[in-house]
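Q: I would like a close look at one part of this model, with the cut-offs spelled out as you go. Please start there and then follow the side-chain pairs around it.

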Amino acid sequence: MSRPVVVMPDAVAVVTAYLRTALAAAGEPVPVVSRIPTPRPARFVRVERVGGMRQTVVSDRPRLDFHAWAGTEADAADLAELVRALVAAIPGVRGGVTVYTAREVGGPQWLPDDVSGSPRYVFAAEIHMRGRAL
């Protein structure tokens, strides 16, 4: 018996779309992007896939880094904590993709942007999500 052909979702696209909506609903409509925009907004969140592995034949567990930029260290910390809470609440169906769990693998860390010096906090999570059978 052959294994099914399963295409995994673009985890960054699923998570950025979810966070845009969730942040706006929380009263914080900041840009959520996969690349640093030009020009750079004062406040924004970047989601970047930095690894992870296929969890099962039909699911993926990407590791994502979350970067929260803001005008002050305190604002960057607050934005990171809000994103952190929203990531923990992601399980469910998001944009047609089933998300099983979110597991933090690296807590918030102060990491000012080395190019601009802008205040930034980062954290990492693994998001377990289901693929789509062809």
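Which residues of α2 are buried?

A: Happy to take you through it. This is a predicted model, in which local features need pLDDT of at least 70 and side-chain atom pairs count only at pLDDT 80 or more, while totals for chains, interfaces and linings use all residues. Residues are numbered from 1 along each chain as its sequence is written, and side-chain values use heavy atoms, with hydrogens and water left out.

The buried residues of α2 are A76, L79, A80, V83, L86 and V87. Viewed down the axis of α2, these buried residues fall within an arc of 125°, so they line one face of the helix; the arc is taken from the directions that run from the helix axis to the C-beta atoms. Buried here means under 20% relative accessible area, exposed means over 50%, and partly exposed is in between (1.4 Å probe, protein chains only). D78 and A88 are exposed on the other side of α2. The cover over the buried residues includes α1 (11-25), β3 (44-56), β4 (59-69), β6 (97-110) and β7 (120-130), with contact meaning heavy atoms within 4.5 Å. Helices (H or I, at least four residues) and strands (E, at least two) are DSSP runs, numbered from the N terminus.

Helix α2 has 16 residues (73-88), which at 1.5 Å a residue should span 22 Å, and its end C-alpha atoms are 22 Å apart, which agrees. That expected span is 1.5 Å times one less than the number of residues.

R84 pairs with E81, their closest N and O atoms being 3.1 Å apart. Both lie in α2, 3 residues apart, about one turn of the helix. R84 is partly exposed at 26% relative accessible area, and E81 is partly exposed at 38%. E81, R84 and E104 are linked in a network of salt bridges.

By this rule the structure has 7 salt bridges. One of them joins E126 and R103, at 2.7 Å from N to O. E126 lies in strand β7 and R103 in strand β6, so the pair ties together parts 23 residues apart in sequence. E126 is buried, with 15% relative accessible area, whereas R103 is partly exposed at 45%.

Now for the rings. There are 3 aromatic pairs, counted when ring centres of Phe, Tyr and Trp (its six-membered ring) lie within 6.5 Å; planes under 30 degrees apart are stacked, over 60 edge-to-face, and the rest tilted. F44 and W69 have ring centres 4.4 Å apart and planes at 10°, so this pair is stacked. The pair links distant parts of the chain, with F44 in strand β3 and W69 in strand β4, 25 residues apart. F44 is buried at 0% relative accessible area, and W69 is buried at 1%. For W110 and Y121 the centres are 5.4 Å apart and the planes are at 50°, so that pair is tilted.

Key:
Salt bridge = Lys/Arg side-chain N within 4 Å of Asp/Glu carboxyl O.
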